[in-house]
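Please go through the model below with the text alongside.

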Amino acid sequence: MNENYCGRPTFIRIWKKGSVEQFSPAPYLATLINCMVWVVYGLPMVHPNSTLVVTINGTGTAIEIVYLTLFLIYCHDKKKRVKVMLIVLVEMIFIAGVTALVLIIAHTTQRRSMVVGIIAILFNIMMYAAPLSVMKLVITTKSVEYMPFFLSLASFANGVAWTAYAFLPFDPFIAVPNGLGTLFSLAQLLLYATYYKSTKRIIAARQEAKMEMHLSEVVVNGDNNDPKKNSTAP
């Protein structure tokens, strides 16, 4: 289900720096297709009385499109930019194909719900697992700088909320992926807590190194502009 990922802090940073740096587009791509699948699942001709599912995930689809657009604008790697655009195109074609096939082949809402529900489970789990793609980077660098905290926190809260919703009444297609998603998100939060202090030290050391470099440049430039040192004997 859609969680909107609380991506604003990440994209504010990207906008200010004018670069996506080492941020991964995987969570946003996974969330986009996940939201679109759940929109299909919540359609009246697929799973009646699912207005909440359609409205929330419809909004999430729009938000993820905005996020990915910003990612493409500030991504300076041409190959990565093309790759993201191709993935989005494939996702759109896939959703259109699934929708058409389900409506044509399955003739009851029960069958349609089962087919789309199974697909939704797979993509819902992928959405929750997508942020785990940066876990190797986190463990290698001992830094969570590129694993946004609010993304993991929103993922955890989203999983808990939708798992509770799945029991009113019980819907296994919502309960299973969101229950697993809650565990994935908890793992991300534990990883964040583990490397939070080391991240602070790494960032502080980097800033100190930049300041020292800046001071060195000031001293060098100051010496070059000193008329006494630059003057020559008559």
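**From a loop residue to the spaces between helices**

N49 is exposed, with a relative accessible area of 80%; here buried means under 20% relative accessible area, exposed over 50%, and partly exposed in between, with a 1.4 Å probe and protein chains only. The place of N49 is the loop between α2 (26–41) and α3. Its phi is near 60 degrees, a positive value in a residue other than glycine.

The model is predicted, local features need pLDDT of at least 70, side-chain atom pairs count only at pLDDT 80 or more, and totals for chains, interfaces and linings use all residues. Residues are numbered from 1 along each chain as its sequence is written, and side-chain values use heavy atoms, with hydrogens and water left out.

The protein chain has nine helices and zero strands, where helices (H or I, at least four residues) and strands (E, at least two) are DSSP runs numbered from the N terminus. Along the sequence the pattern is therefore α-α-α-α-α-α-α-α-α. Of its 234 residues, 40% count as buried. Contact means heavy atoms within 4.5 Å; among contacts between residues at least 6 apart in sequence, 78% join residues at least 24 apart.

The unreviewed UniProt entry places the feature "transmembrane region" at residues 26–46, 52–74, 86–108, 114–134, 146–168 and 174–196. UniProt positions are given in the numbering used here, feature names are shortened, and annotations may be inferred rather than shown by experiment. Two of these spans can be described from the model. Residues 86–108 are 87% helix and 0% strand, with end C-alpha atoms 34 Å apart. Residues 174–196 are 100% helix and 0% strand, and there the end C-alpha atoms are 32 Å apart.

Where does E91 lie? This residue is in helix α4 (residues 78–105), and at 8% relative accessibility E91 counts as buried. Leaving out residues up to four places away in sequence, E91 touches L29, L32, I33 and M36. For L29, 62 residues from E91 along the chain, the C-alpha separation is 8.7 Å.

V53 belongs to helix α3 (residues 51–73). With 2% relative accessibility, V53 counts as buried. The C-alpha atoms of V53 and Y41 are 8.1 Å apart in space, and the two residues are 12 apart in sequence. Y41 also takes part in a cluster, in which ring pairs link W38, Y41 and F173.

A pair of aromatic rings is described by the distance of the centres and the angle of the planes. Rings of Phe, Tyr and Trp (its six-membered ring) pair if their centres lie within 6.5 Å; planes under 30 degrees apart count as stacked, over 60 as edge-to-face and the rest as tilted. By this rule there are seven aromatic pairs. One of them joins Y192 and Y196, a tilted pair with 5.9 Å centre to centre and 35 degrees between the planes. Y192 and Y196 are separated by about one helical turn, because they are four residues apart in helix α8 (residues 172–224). Y192 counts as buried at 17% relative accessibility, whereas Y196 counts as partly exposed at 38%.

The spaces come last. On a 1 Å grid over the protein atoms alone, a cavity is a set of points where a 1.4 Å probe fits but cannot get out, a pocket is an open set with protein on both sides within 12 Å along at least five of seven lines, and lining residues have an atom within 4 Å of a point. Grid points are joined across faces, edges and corners, and a volume is the space filled by probe spheres set on the points. Ala, Val, Leu, Ile, Met, Phe, Trp, Tyr, Cys and Pro count as nonpolar, Asp, Glu, Lys and Arg as charged, and the others, Gly among them, as polar.

A search of the whole structure finds one cavity of 30 Å³ or more. The largest cavity has a volume of about 70 Å³. Its lining has 10 residues, of which P27, V134, Y146, P148 and L151 lie nearest its centre; by class, nine are nonpolar, one is polar and none is charged.

The largest pocket holds about 480 Å³ of space. Two or more lining residues come from each of α1 (8–17), α7 (149–165) and α8, and α8 gives the most, with eight residues. The lining has 19 residues, with R13, V144, E145, T199 and I203 nearest the centre of the pocket. By class, this lining has 10 nonpolar, three polar and six charged residues.
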